[in-house]
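Have the sequence and the model open side by side.

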Amino acid sequence: MIEQILAETLPAQLQKNIARLSRSQQILLLIGLFILAIPLITTPANTWQNQAIIGGTIFFVATRIGHIPQMRGVLLLMSLLTTSRYLYYRIFNTLNFAGILDSIATILLFGAELYAILVLFIGYFQTIAPTNRKPAPLPPEDQLPHVDIYIPTYNEDVEIVRKTALGAKHIDYPKKTVYILDDGRPGRRNPPRQADKLRRLNMWRMAEEIGVKMLTRKDNSHAKAGNINTALRKTSGDLILILDCDHIPTRDILKNVVGFFTDEKVALVQTPHWFYNPDPFERNLMSIGKVPTENDLFYRVIQRGNDFWNAAFFCGSAATVRKKYLLQIGGIATETITEDCHTSFRLHSLGYKSVYFPKIMVAGLAPEMYSSYVVQRTRWAQGMVQILRIENSLFKKGLDWAQRICYFGAQVHFLFGIPRLIYAIAPVLFLLLNINPIRGLGLETAAYALPHIMLSTYANYISYKETRFSFWSEVYEFAMAYYAGSATLTALINPKAGKFNVTDKGLTVEKKRFDFTSARPMLVCSGLILLSLVVAPIRLWFQPTIWQAVLINYAWGLYNLALIFGAISVAVEQPQRRRTHRVNRELRAVIHANGRSWTGKTRDISESGTFIILDSWPILPSVVELEIFGDTTARVRLPAKLIRGIPQNDQQMGFAFDFSGMLTQQQFDDLVLVIYNDVNEWYSVNSPYEDDPGQSFLFILTSLWRTVKTPKAGKAKVVRKQVEQPIRLFVDGQYYVGTVNSIGTDGLTLVASRTVAEILEVLRLHYVPLIGLEMATPTMTHRLIGKVEEIGLAGDQATIEVGFPAQLEKQQANKIAAAFTDVSTERPAAALSERS
């Protein structure tokens, strides 16, 4: 009864009553709660033990109610309470201005803490009520707006652009025009190389071949933003769908987003970005399928939270924009290198709306290497801080107060680099140099700090446990701390510094290597921490009275070191063993061979191969025809080479096929549409992940070991059908009898008399014996040639392994397939007899 009241009745009644209040009344309510909380924040505990009891009690209550969705607001308030209590204690009890060095360290560390608390509070605000929009109905066909689809490209490979253009061309929408905006490298001041001229010529040919238009310009001013702005003056669509050149759209993207524009105030509809290849964290830390990607938190939580406040912003691709409003603000913003967010910032300031529709409808390429990842994220960090300096959202005219907070949160988020470095160095300063940024650091400080840390961590765990695992934010930040810190510091000092750098895509890593250059800042940091941890026991020996401070800083240093080692592991570039990236999709597939067909489903598929599961155990020739179907109407028929078969269970068999180098251009294009364009849903909104803090930390601890060890290549399983089939062997001019126990594409296993084995052993002394095989079934007699590979004796019987010679593969492939299909698993009624 009490649990029902706490979990259902009380939260529902609170929500109902609060919903009746106006926005101003809700603000007054929050102010009133804050005033009431002041005594709880400012009243000190007499001893550190009492504070530990207070903090422990609050944390215990929070964990009891945290799993109740309706009580999330209460959980956040409790977190804010413990954080505010810690902050008050920190200000009035621990700031150390005893000397110049201590004062500087105190200011830096306290500033880093204030930054973290600010980001925490803004994060709570942004995600208080994430939206979950459904598609808006389309207007009648005669009222549909015309959509221009822009695919900006600079120096990317033509084949990458081709796949995106193909997907755009086949979007299911009647009024659209596809434009490739090739920014190439023309111009008088920067003469194009021969390779650039050839690339542009090939791009023209490709555009003409698939039936899309291509626009170019005379220079590269303002990079991607300038490229789009030039196209705006040359095209006539009502709406603009912008796609990065590696973002292949699904065919339903416009039908899902255009309906939102029936509201005349809507200027922008943004959809998520999704990447079908692993990013450097997934590949190098071997976390694919085990840990959510870095983008998950932003696209599945934060953008939905921003949408509630009408503050979801443009992310550069997979977004549809109303052209007339874009022209009203002068086109895509060119003053910063994050032109996307800056553009939506200006649209919102004019009172227009944005919509975030959470369905994934593009598949793109993430940066393959850590160095490329650094380039991309550094650009984002520098650009967002440029916006902060040029047009600070807190003072931007036209934004409401909620939009100001959301944009300010997005801008200051990228300032994490310097605070993260300060957190790493703070314990080193004390243990190594006796510089103390926290006066009186000891168990009392920990009693105030731990409830704040634990409750904020727990609140984030409850809110994000399906999209961001515990401690992974710190790993991401350590991996980028130096680069983000230097880039944002430069932007704060000179917001006009920096230029738009294109992120390299489609790269491959041939062999394992350590990116020492990119990892150097983390190596220096970890070296300093290790040195301080070695020195700490010596300090403790000579100064035993400061044991509390040494113990806390030592634990802090160990924690930092574990996370930095996880970040360093990202720089161990793992080789990319696949020629193309595999996508997990279940598609209907038909295998055609020897005049027969088998229907199954793909488990995964790529541009060079697929794995198909059948509900039977057929034996297949080395080359087959595959027919693969998309989710609606797309299909492709192509030749494929059988690589291996792997039994799935007693009824199912899986087959790996390779079709690289075997496809015509048309077949390849059809395959691209099946894989990336004809998609009903890339993956479920319900995440397959769920955080376990202990397991998450353990996974980080073992990252370095996983990355440096060399994985052993797995052995392919041999496909064998278990049978009991009589067989006659023709050996050295004589027939002998035996029984086949198993048969597969590679050969068979049979049992015969010891006499047969002895004859074969004598023959093997002189040459590799080829023997004749004859199996009679109710339908026909199958005759094959085999090669004796192994002989095992057990009493009067012998087990003989017979392989099918590779040089006879063409002649025997169909015969082997027929024999495998025809042979029964049932016990035979009669045995064969020997004859001369």
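In this predicted model, helix 3 (residues 48-65) and helix 4 (residues 72-93) pack at an angle of about 165°, and their axes are 10 Å apart. Angles over 145 degrees count as roughly antiparallel, and helix 3 and helix 4 are therefore roughly antiparallel to each other. Their crossing is left-handed. On the helix 3 side the contact consists of Gln51, Ile54, Ile58, Val61, Ala62 and Ile65, which meet Val74, Leu75, Met78, Thr82 and Arg85 of helix 4. Sorted by class, this contact of helix 3 with helix 4 has eight nonpolar, two polar and one charged residues.

The crossing of helix 14 and helix 18 is right-handed. Helix 14 contributes residues including Tyr370, Tyr373, Val374, Arg377 and Ala381, while those from helix 18 include Tyr476, Ala479, Met480, Tyr483 and Ala487. The residues of the contact of helix 14 with helix 18 divide into 14 nonpolar, five polar and two charged.

Next come the aromatic rings. A pair of aromatic rings is described by the distance of the centres and the angle of the planes. The structure holds 27 aromatic pairs. In one of them, Trp472 with Tyr476, the ring centres are 6.2 Å apart and the planes stand at 50°, so the pair is tilted. Trp472 and Tyr476 are four residues apart in helix 18, and are therefore separated by about one helical turn. Are these two side chains in buried or exposed residues? Residues under 20% relative accessible area count as buried; Trp472 is buried because its value is 1%, and Tyr476 is buried because its value is 7%. Phe655 and Phe657 also form a tilted aromatic pair, with 6.4 Å from centre to centre and 35° between the planes. Phe655 and Phe657 are both buried. Ring pairs also link Trp472 and Tyr476 with Phe281, Tyr373 and Phe699 into a cluster. Tyr373 and Tyr476 of this cluster are also among the residues in the contact between helix 14 and helix 18.

Ser703 lies in helix 23 (residues 703-708). It has 1% relative accessibility and so counts as buried. Which residues does Ser703 touch, leaving aside its neighbours within four places in sequence? They are Leu285, Gly566 and Ser569. The C-alpha atom of Ser703 is also separated by 8.9 Å from that of Asn284, although Ser703 and Asn284 are 419 residues apart along the chain.

The last topic is the backbone. Most residues other than glycine have a negative phi. Asn310 has a positive phi, near 55°, and lies in the loop between helix 11 (294-308) and strand 7 (319-322). Phi of Asn594 is positive as well, near 55°. Asn594 is found in the loop between strand 12 (588-593) and strand 13 (596-605). With a relative accessible area of 37%, Asn594 is partly exposed.

Conventions: Residues numbered from 1 in each chain as written. Predicted model: local features only at pLDDT ≥ 70, side-chain atom pairs only at ≥ 80, totals over all residues. Heavy atoms only, no water. Helix = DSSP H or I, 4+ residues; strand = E, 2+ residues; numbered from the N terminus. Buried < 20%, exposed > 50% of the residue type's maximum accessible area, 1.4 Å probe, protein only. Contact = heavy atoms within 4.5 Å. Left-handed = near helix turned anticlockwise from the far one by under 90°. Nonpolar A, V, L, I, M, F, W, Y, C, P; charged D, E, K, R; others polar. Phe/Tyr/Trp six-rings, centres within 6.5 Å; stacked < 30°, edge-to-face > 60°. Axes fitted to C-alpha atoms, helices over the stretch in contact; angles between N-to-C directions. Parallel < 35°, antiparallel > 145°, perpendicular 65-115°, else oblique.
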